[in-house]
Amino acid sequence: MAELVISALLPLVVEKLASATFKNIARYKGIEAEIKKWQRSLTQIQDVLADASRKEITNQSVKRWLNDLQHLAYDIDDILDAFATEAMDNHESSKPITNMLVRKIIPRCCTNFSTSNKMHEQLDIISAKLQDLVKERTDLGLRVEEETRPTNITNNRRFQSSVVDPSSIVGRQAEKEELAQQLLKPSDEKFSIVPIVGMGGVGKTTLAKLLYDEKQVKDHFELKAWVCVSDDFDSFRISKVVFQSVAGVNKEFADLNLLQVDLVNHLRGKRFIFVLDDVWSESYGDWETLVAPFHVCAPGSKIIITTRKEQLLQKLGYNHLNHLQSLSHDDALSLFALHALGVNTFDSHMLLKPHGEGIVKKCKGLPLALIALGTSLRTKEDEDSWKVVLESAIWRSKDDLIVPALRLSYYDLSAPLKQLFAYCSLFPKDFLFDKEELVLLWMAEGFLHQSTPCNSTEERLGQEYFDDLLSRTFFQHAPNKESLFVMHDLMNDLSTYVASEFSVRLDNEMGKHIREEMLEKYRHVSFVREKYATHKKLGALTRTKRLRTFLATSVGVVEGWGYYLSNKVLADLLPKLPLLRVLCLSNFQISKVPDTIGTLRHLRYLNLSQTAIIDIPENVCNLYNLQTLIVSCCHCLTKLPINFLKLKNLRHLDIRDTPLLHQVPLGIGELTSLQTFSKIIIEGENGFEIAKLKDLNNLCGRVSIAGLDKVKNTIDARVANFSQKKLSEFEIEFSDESNDSQNEKLAKEVLNELKPCDDKLIQLKIRSYGGLEFPNWVGNPSFLHLKHVSVSGCKKCTSLPSFGQLPSLKELYIKGLHKVKVVGLELFGSGCAFPSLEILGFKNMFGWEKWSTSPGVVFPSLKELLIIDCPNLIEVTLEALPSLKVLQIKDCNSGVLRRLIQVASAVIELTISSISGLNDMVWRGVLEYLGAVEELSIEYCNELSYLWETEVAASKILMKLRELKVTICDNLVSLGEKEEEGYCRSNLLTSLRILEVYQCKNMMHCNFPGDIETLTISFCTEIKTISLLTVGQKLKSVFIVGCNKLLDREWGGQNISRMLDNVSIVGWTNLKSIIELKYLVNLTTLRISNCQSLESFPYNEFSNLTLLKRLEIIKCPSIDASFPGAVWPPNLCSLKKVSHPQHLMSLQHLSFWDCPKMMDLPEMLLPSLLSLNILLNCAKQKERCSKGGCYWPLIVHIPRI
């Protein structure tokens, strides 16, 4: 498939050579004759591409010729791009330049051109190679043939595929019923596996989706989760997806243990169904680690596993597996007809039936192949087209890596679609594609070039191309992610196969098979983010002199900032990649943008989002080709370059979530190509004015506009023309400081002029609006797709819009509307109110006194309610909240808590904080309604002395309580008021697994249930005894911090839980000895800090702690002298304490803390380190390890310093 890109790239190169612009450039460079020869030769070659694409299937020589031709076309295109960029550099006028190769440039811009000897040498090399290819064309017998395939069929599609639609599934009814019976069958086992085993593309995932969405199955199970596992069986990632699905929240965890402890709490006593899709792992150990939390579930829980491999299932005792078979011939024929003809029979297309039957037979009943080939034939109702497919040489290919039918479906794509699909080889299996982001990458690579001017943009063309590939099943909708897409593994294999000569993905598997000599040929490279991206892995890329793409990717959704890239990678690599068009370094902890980025003159796409950069070098403004600049979520970014006006080709500037960025460049309104301008800061007469937006006619997508209080008249706001801008997310902010002084009438008129087009808006936020009431468009039900609304800081408003009539609204937050006294019928409007609302929050509503509603259920779908800092709210007349699961009440009256907890009997997560009037007697009345609560958090409730009278009484109510957190309750003496003689430990409150107590300064003793798994006692300065420290046999994690009056002098020994894997002891003043750690065989993390009296530590037992990965010993002066020399835990990766670390050859993370006299680093360990931290009071080391210091050359490779 070597002709994949050349069939799209070569016409573009020929078009550029023939353009009047380039003829000017060539004439002034004195290379006009050379360029004419190139144009003539390439045109001759272009004429035989159709013949070459057919013959390459069976002729390796033709395939090599096409590969060489494609490499040469890349080289020519790079030179043409260099000439065009030089033309931009020399162009002195301020006239916008949208594409210098298709727009006339006046000759004087070319007079400064010089053609160096090196450039002449490059031209000569290209000319020689081109002549060789022309000669070889003749030797290979390539002839001129008419191209029979359509060049662009984007607008001819008749059907669009969707997420699994049961009506589009042919066959599988028997398999579905059989598996459904297995899922619904009663069982005494906690959980069992329902395997779906079969070859790739046979329909395993489709069958699993049918079962997952079956109503009977949905009703039978309380919890459900879908995880795409793939070849990287990452227990942490899989567990986190399961947690997010069952808990409904996105929560960060430091390690797998903490995650699984929390997961246990959500699974306990619940019947679940989980789908683990596309499992490749054979490791029994990995499986055991993953399912450890699952054993607390209710009997009858099920795990559906889809897999091609039997080994793991056999190890789990499933020895007699039924493989999912291919479709029968009749079902296969129906499925093929459905996708090729739109009906499930050939009755109306009898002439095509013999060809269809032949094609179906060759597909061997494989659904993915049948669908892919069927969709490729949708628009072809002539016999010849079907006959070409049936008789294709691809069916006879001996290459068994790729299903022939899928190769045929690829072969049928137009040249642009082939190029776009092949580019997707850069993304790992199970990558979540965002259509808009992928289109920006395609555009940056030059794949969306339109030879003739038209009204459609490249972005819109790219979206049409994507939809075409989606309709042909090259993409599929992602499960549980409505706006994202995935690619089937076999399609990923196909894209990798067709792009293997020019693209490479440096993930864990593919990276193993890359030969270094191949690196010089690659044009596109991606790598999968790891916690620490080392120079060892990426340094070899310095050999890729002609690289166009350097792209950081990930499996699943990237969260947080926890990725580190070696400084040496940036310093060594970027200067060696002058031809880059795409550079993505997002999510890495990069604090400084290398100045060398300004030399990447071909760059079109630069993504530095979620990095720690402070500014962007001024020389970035020399990147005249730049189309997309993404610096969103750069929380340290303070300024943009001054000369932004030079970036005439910039189309997308994403600066969302940059809280320290308070100014945009003045000339940015002249960048008329801008479509994305996500953060607009209005500065009035002395800065950027709203009227400057009038020429940004293409503005769309996400927009935040701040400083609207500086708009002095309505006309300027009207000129900005927001009514014509198709925004999906719109954030409107006036100034909080000037809220009281805003002109109410002007504020309302300005906000009224900002009404966006209503057919696209999904999210709306309004902040610090100074009007008395909202204009009519806010809350208008014509916004049919509006799902998320937030109104905050509008201090003068006395009433709320009728948000209840928005049909799709799922989230509503109302904050800081101090003048609103009553929330009533005006919020709900007339008719059915809030049919889709799931989350409702009120915050800082200081004047709010009454919440009244009409009788009956007014929030039928509400799952989460937050009322925060509403101290004057007294009257609440809600009658029922049947779906409510999460309730947070903070800084409110106890009457609000009592009323809401009475009408929300299904709440499972309750957080209360600073509740006035909540004394012991009132709390006992609330406690009676908490029978369903699983997570309870109590903060700043200083009138409470006890949480319950006795544990016996509490256990009769809190039967489902899994997690209890108590914070800064100053008068709390203990959890229970009465503790009977000898009642040190009970088996009551058996559901409780996590207990956290913070800064309860009067708590003196704690007796806890024995089933606790995670215990945290922090800064309870009067506490003297903690019974669980010696008797809790299920304890896995314990954190004792700042409890300096604990009486115990010894910790450890046989009475401690053998399950412990994470221990932190900080500020335990009386602790003198830690004993017998050898029993803690599961320990992975041990932290001892500020234990001034600690004299004895069993370091000789370290060799028994084979799982210990992280060790911290800080400020324990009495054990310094006795600390080990050569005896360390064998697998230690992270250490904060150094005596003789040179023996720790497995060490990856090293920290120094308060070491003022230390001079030297253990140099033997430096090559393997992934992180080096030099912290408090280490001035000499900091100096020697800083850039330019004597240790810098030895540590520059470390990703995190």
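1. Two strands are taken to pair if DSSP finds at least two bridges between them. On that criterion, strand 14 (residues 605-607) and strand 15 (residues 628-630) of this predicted model pair in the parallel sense, over 3 bridges. Asn607 has Ile630 of strand 15 as its bridge partner.

2. As to the chain overall, the secondary structure comes to 34 helices and 45 strands. The protein chain has 1201 residues, of which 56% count as buried. Among contacts between residues at least 6 apart in sequence, 63% join residues at least 24 apart.

3. An open sheet of 3 strands has the order 5-7-6, and its pairing is antiparallel. Strand 5 (433-434) and strand 6 (476-478) each have a single partner strand, so one side of each is left without a neighbour in the sheet. Strand 5 pairs with strand 7 (residues 481-486) in the antiparallel sense over 2 bridges; here the bridge partner of Asp434 is Leu484 of strand 7.

4. Because 5 of its 5 residues are buried, strand 31 is largely enclosed by the rest of the structure. Glu935, Ser937 and Glu939 point one way from the strand, while Leu936 and Ile938 point the other way; all are buried.

5. With strand 30 (residues 909-913) the parallel pairing runs over 5 bridges, and the bridge partner of Glu909 in strand 31 is Glu935. From strand 30 the chain crosses through helix 30 (residues 920-927) to strand 31, in a right-handed β-α-β crossover. With strand 32 the pairing is again parallel, over 5 bridges, and Ser937 has Lys965 of strand 32 as its bridge partner. The chain passes from strand 31 through helix 31 (residues 951-957) to strand 32, and this β-α-β crossover is right-handed.

6. Leu972 is found in the loop between strand 32 (963-967) and strand 33 (994-998). Leaving aside residues up to four places away in sequence, Leu972 touches Leu944, Ser945, Tyr946, Leu947, Val966, Cys1000, Asn1002 and Met1003. Leu947 is 25 residues from Leu972 along the chain, and the C-alpha atoms of the two are separated by 8.2 Å.

7. The largest nonpolar core has 197 residues, among which Phe677, Ile732, Trp851, Phe859, Trp923 and Trp1051 touch the most other members. Helix 29 (residues 894-903) supplies the largest share of this core, 5 residues. A second, separate core of 90 residues includes Leu335, Leu341, Leu426 and Phe447. As for Phe859, its contacts, not counting residues up to four places away in sequence, are Phe828, Phe834, Leu837, Leu840, Trp851, Leu878 and Leu881.

8. Which residues of helix 14 are buried? They are Ala332, Leu333, Ser334, Leu335, Phe336, Ala337, His339, Ala340 and Leu341. Two of these, Leu335 and Leu341, are included in the second core. The buried residues of helix 14 pack against helix 15 (353-363), helix 16 (367-376) and helix 17 (383-390).

9. The geometry of helix 14 (residues 329-341) can be checked against its length. At 1.5 Å a residue its 13 residues should span 18 Å, and the end C-alpha atoms are 17 Å apart, which agrees. The helix is followed by Gly342, whose phi is positive, near 90°.

10. One annotation from a record can be set beside the model. An unreviewed UniProt entry places the feature "coiled-coil region" at residues 28-55. In the model this span is 86% helix and 0% strand, and its end C-alpha atoms lie 41 Å apart.

Conventions:
Residues are numbered from 1 along each chain as its sequence is written. This is a predicted model: local features need pLDDT of at least 70, side-chain atom pairs count only at pLDDT 80 or more; totals for chains, interfaces and linings use all residues. Side-chain values use heavy atoms; hydrogens and water are left out. Helices (H or I, at least four residues) and strands (E, at least two) are DSSP runs, numbered from the N terminus. The expected span of a helix is 1.5 Å times one less than its number of residues. Buried means under 20% relative accessible area, exposed over 50%, partly exposed in between (1.4 Å probe, protein chains only). Contact means heavy atoms within 4.5 Å. A nonpolar core is a set of buried Ala, Val, Leu, Ile, Met, Phe, Trp, Tyr and Cys residues joined through side-chain atoms within 4.5 Å. A crossover is right-handed if, with the strands pointing away from the viewer, the path from the first strand over the helix to the second runs clockwise. UniProt positions are given in the numbering used here, feature names are shortened, and annotations may be inferred rather than shown by experiment.
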